[in-house]
Amino acid sequence: MRDTLVLNASFEPLSTVTMNRAVVLVLQDKAVVEQAHPELRMRGAALDIPAPRVIRLCRYVRVPFRRQAPWSRRGVLVRDRHRCGYCGRRATTVDHVVPRSRGGQDTWLNTVAACAEDNHRKADRTPEEAGMRLLREPFEPTPADAMLLALGGDLAELPEWLAPEAA
Ligand SMILES: [Zn+2]
């Protein structure tokens, strides 16, 4: 998948995001297209626009690149793309891998997005005790995640119908 470069309002490069994400940021008036791809268009049900190669945010965001992004439930859901860490289905809750009742902390490495069902099933147990396997290990958010979090707004879903096509 081709990526789009994101510039801050001050024109300094921030990170890259997927083209889908870039189009959504433009449609939400959070960013403007600085440079479009000459040969690719993004086509959807009621949309046909040049694929953005570079976008620029409409307002300046401070992104904690050097410092670690502060932990939040919303941040965990954004980092994990709202997919359950145990089954991959849509996640609306955050699970503590080591339960809080057992000393597990609110940290990026101890939390994963989880569907309500799996979160309930795991309860106050470690994945091992519950016989559940993590699809992937929790990780620190990427610069792109940190930027999207700093932008705010509802970042829950990306339209799946949006796809780049040759012009
Ligand atoms: Zn699940």
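Colleague: What are the ground rules for numbering and for confidence?
Modeller: Residues are numbered from 1 along each chain as its sequence is written. The model is predicted, so local features need pLDDT of at least 70 and side-chain atom pairs count only at pLDDT 80 or more, while totals for chains, interfaces and linings use all residues.

Colleague: Why is Pro52 called buried?
Modeller: A residue is buried if 20 or more other C-beta atoms lie within 10 Å of its own, exposed if 12 or fewer, and partly exposed in between, with C-beta atoms placed from the backbone. Pro52 has 26 C-beta neighbours inside 10 Å, so Pro52 counts as buried. Its place is in strand 4 (residues 47–57).

Colleague: Which residues does Pro52 touch, and what is meant by a contact?
Modeller: Two residues are in contact if their C-beta atoms, placed from the backbone, lie within 7 Å. Not counting residues up to four places away in sequence, Pro52 touches Thr4, Met19, Ala22, Val23, Val26, Val33 and Ala36. As a separate distance, the C-alpha atoms of Pro52 and Pro38 are separated by 9.3 Å, with the two residues 14 apart along the chain.

Colleague: How do you know that strand 3 and strand 4 pair?
Modeller: Pairing requires that DSSP finds at least two bridges between two strands. Strand 3 and strand 4 have nine bridges, in the antiparallel sense. One of the residues involved is Ala36, whose bridge partner in strand 4 is Pro52.

Colleague: How many bridges join strand 1 to strand 2?
Modeller: Five bridges join these strands, which run antiparallel. Leu5 has Thr16 in strand 2 as its bridge partner. This hairpin has five residues between its strands.

Colleague: What is the phi of Phe11, and why is Phe11 called exposed?
Modeller: The phi of Phe11 is near 75 degrees, a positive value in a residue other than glycine. Most residues other than glycine have a negative phi. Phe11 sits in the loop between strand 1 (3–7) and strand 2. Phe11 has 9 C-beta neighbours inside 10 Å, so Phe11 counts as exposed.

Colleague: Why does His82 count as partly exposed?
Modeller: His82 has 18 C-beta neighbours inside 10 Å, so His82 falls in the partly exposed class. His82 lies in the loop between helix 2 (73–79) and strand 5 (93–96). Its phi is also positive, about 60 degrees, although His82 is not a glycine.

Colleague: What is Pro138 called on this scale, and why?
Modeller: Pro138 has 18 C-beta neighbours inside 10 Å, so Pro138 is partly exposed. The residue is in the loop between helix 4 (127–130) and helix 5. Leaving out residues up to four places away in sequence, Pro138 touches Val97, Trp108, Leu109, Asn110, Thr111 and Val112. The C-alpha atoms of Pro138 and Asp80 are separated by 8.6 Å, and the residues are 58 apart along the chain.

Colleague: What makes a set of residues a nonpolar core, and how many residues does the largest have?
Modeller: A nonpolar core is a set of buried Ala, Val, Leu, Ile, Met, Phe, Trp, Tyr and Cys residues joined through C-beta atoms within 7 Å. The largest has 17 residues, and Val6, Met19, Ala22, Ile55 and Met147 have the most contacts inside it. Strand 2 (13–18), helix 1 (19–27), strand 3 (31–44), strand 4 and helix 5 (143–151) each supply at least two residues of this core. Apart from this core lies another, of ten residues, among them Leu77, Cys84, Ala91 and Ala113.

Colleague: Which residues of helix 5 are buried, and what covers them?
Modeller: Asp145, Ala146, Met147, Leu148 and Leu149 are buried in helix 5. The cover includes strand 1, strand 2 and helix 2.

Conventions: Helix = DSSP H or I, 4+ residues; strand = E, 2+ residues; numbered from the N terminus.
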